[in-house]
Amino acid sequence: MTQDNHDKGNHLAVKNDYKPWLVSGLLLASDLLAIVISFFLSYFIRKLLILIPSIGGVLSFETIAPLFLLIVIFILVIFVFAGFYPGHGRTGVVEFRQIVYIVSFAHIIVALIIFILGYGPRLSRMVFLFNWVLSLILITSFRLMLHNRGSLAAWWGQPALVIGGLKDVSMVIRHLQSARRIAYKPVAAIILEKEIPEMGICGIPAYGYSEGLLDELKKKKIQLAIFTQSTVSPRAGFRKYLQTLSLVFPKLIYVLGDSPINTLAMTTMDLDGHPALHIQYNLLNPVSLLVKRVTDLLLCLLGLVVTFPLFVLFSLLIWIDSPGPIIYSQQRLGKGGRLFNIYKFRTMVMGADEKLKELLDTDEKLRAEFETYHKLLNDPRVTRVGKFLRKISFDEFPQIWNVIKGDMSWVGPRAYLPSELEQMGDSAEIIRRVSPGLTGWWQVMGRHSLSFKDRLQLDEYYISNFSLLMDVYILFKTAFIVFSGHGV
């Protein structure tokens with residue numbers, strides 16, 4: 001775009017509907033409500049336990065009310081200083097990790113205050129413990145639902161200018177539009193190359209670079225710029241853009257272009273004045289693998305106790321709905337490339353493989369969909385009960401036996417088919433070094449809309465960025481999907 005075209009500043013097709021005060025207010029109200037409900041639930045649970053003779057005890061609301069007030073104050077104040085309002089720019093895992101740290105820290109501080117003041121014998125330790133656990137669950141749940149629904153509103157996301165080369169800018173815009181949870185909303189793009197898309201990029205207006213355009217965007221109260229350019233040269237030009245943008249926009253983010261290290265866990269470090277990145281695969285650590293295995297077995301015990309009645313119920317429904325075996329087994333790639341039989345509730349009609357071949361041979365559109373996603377979104381082979389089981393992800397339940405045997409983990413990469421090994425490319429070397437999972441990172445990140453390549457990248461991201469809190473978040477979000485019947 002030329003300077004002459006740009007001088008029509010009043011005609012910039014840029015909208016700024018952002019209402020940070022409303023986003024912050026809703027999140028604050030959500031957190032406060034979660035803490036209040038947690039406290040009263042804790043109080044009433046402890047009240048009911050008094051009726052059990054072996055537990056007994058005396059509980060006074062007036063005595064524990066100061067405890068509740070201190071916890072509310074500490075959690076909300078720390079949330080404010082941690083930037084939780086409006087809290088944009090965080091992934092769900094990062095926010096969950098910070099919630100765990102902050103809520104736990106607030107409870108520890110309150111416990112120390114109670115101990116120092118000598119109020120310990122008069123307060124219920126059970127209420128304190130219940131409140132800690134329920135606060136973690138409810139704050140995370142309420143925020144998950146609020147982010148999920150709120151991010152659909154035009155006033156929720158912080159407006160952002162994306163600037164760089166056409167390929168890099170297109171990648172960032174597509175990613176931000178799909179990753180609504182981050183809540184950065186692209187409203188304009190500046191292309192540093194000569195060719196500018198006439199119709200914009202993914203519905204976002206695109207312009208050529210000029211300092212006058214930056215001033216117009218500043219007048220529209222756009223405070224965030226995202227710079228992404230893997231082809232800027234020479235070095236002086238790169239620094240010029242960054243310096244100019246940092247003077248115009250209070251917040252500037254630099255995004256690495258398409259790179260082999262994009263999926264890896266990275267921390268910045270300083271090598272005597274030389275910026276560097278420390279890169280690692282967290283899940284390949286032997287200690288992490290041992291802790292993960294112990295956690296898997298404990299979850300299997302809990303899962304069998306809680307869900308066994310459902311196992312019996314769905315087995316009966318499958319038997320009534322469609323002729324054939326209740327459990328379906330299929331060979332998959334396991335740790336080290338070893339083949340194992342994966343178990344699922346049967347959700348398809350008998351002879352599904354032959355029917356798939358017939359569908360792909362006769363329907364070009366379905367064949368293209370299967371080649372991209374390695375599945376059919378509206379698969380005609382799925383039974384009535386099978387559709388319901390898949391919707392709530394309960395068709396995977398028999399894989400608990402795979403976890404007990406050590407073939408799988410509760411959370412991990414997808415269990416890929418042997419026929420997919422060649423298409424996995426270089427990703428296979430890393431993915432095959434860990435056990436596949438019943439659920440995983442890509443399954444809770446929009447499982448129906450991801451291409452096969454996207455899934456591989458997200459599986460590598462999980463292996464690199466693994467932590468127990470990340471596993472807890474994935475299981476938590478999986479439960480949310482199961483109970484809500486849709487992705488997040």
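Started with the surface: Leu69, Ile73, Val77, Val80 and Phe81 make a nonpolar patch of about 520 Å². I am working from a predicted model, so I keep that in mind throughout.

H3 itself covers residues 61-81, which is 21 residues. From first C-alpha to last I get 30 Å, close to the 30 Å expected at 1.5 Å a residue.

Which residues of H3 are buried? My list reads Ile64, Leu67, Phe68, Ile71, Val72, Ile75, Leu76 and Phe79. Looking down the axis of H3, I find these buried residues within an arc of 150 degrees, so they line one face of the helix. On the other side I noted Glu62, Leu69, Val80 and Phe81 as exposed. Of these, Leu69, Val80 and Phe81 are also in the nonpolar patch.

What do the buried residues of H3 pack against? I traced them to three helices: H2 (20-49), H4 (92-117) and H5 (125-150). Just past the end of H3, I also noted glycine 83, which has a positive phi of about 75 degrees.

Is threonine 140 buried or exposed? It is buried, at 6% relative accessible area. Skipping neighbours within four places in sequence, I find threonine 140 in contact with Phe96, Ile99, Ser135 and Phe476.

I searched the whole structure and got twelve salt bridges. I went through a few of them one at a time.

Arginine 384 pairs with aspartate 321, with 2.8 Å between the closest N and O atoms. Arginine 384 lies in helix H12 (residues 384-391) and aspartate 321 in helix H9 (residues 286-321), so the pair ties together parts that are 63 residues apart in sequence. Arginine 384 is exposed at 67% relative accessibility, whereas aspartate 321 is buried at 18%.

Next I looked at lysine 344 and glutamate 396, whose side chains form a salt bridge at 3.9 Å, N to O. This pair also links distant parts of the chain, 52 residues apart. I placed lysine 344 in strand E9 (residues 339-345) and glutamate 396 in the loop between H12 and helix H13 (400-405). Lysine 344 comes out at 18% relative accessibility; the cut-off for buried is under 20%, so I count lysine 344 as buried.

Then arginine 381 with aspartate 379: the closest N and O atoms of this salt bridge are 2.7 Å apart. How accessible is arginine 381? I get 5%, so arginine 381 is buried. Aspartate 379 is buried as well, at 7%.

Last, I looked for salt bridges with shared partners. They join Asp31, Glu95, Arg143 and Arg181 into one network.

Notes
Residues numbered from 1 in each chain as written. Predicted model: local features only at pLDDT ≥ 70, side-chain atom pairs only at ≥ 80, totals over all residues. Heavy atoms only, no water. Helix = DSSP H or I, 4+ residues; strand = E, 2+ residues; numbered from the N terminus. Expected span 1.5 Å × (residues − 1). Buried < 20%, exposed > 50% of the residue type's maximum accessible area, 1.4 Å probe, protein only. Arc of directions from axis to C-beta. Contact = heavy atoms within 4.5 Å. Patch = residues over 30% accessible without salt bridge, like charges linked within 9 Å, V, L, I, M, F, W, Y side chains within 5 Å. Areas by Shrake-Rupley, 256 points an atom, 1.4 Å probe, with all protein chains shown as cover. Salt bridge = Lys/Arg side-chain N within 4 Å of Asp/Glu carboxyl O.
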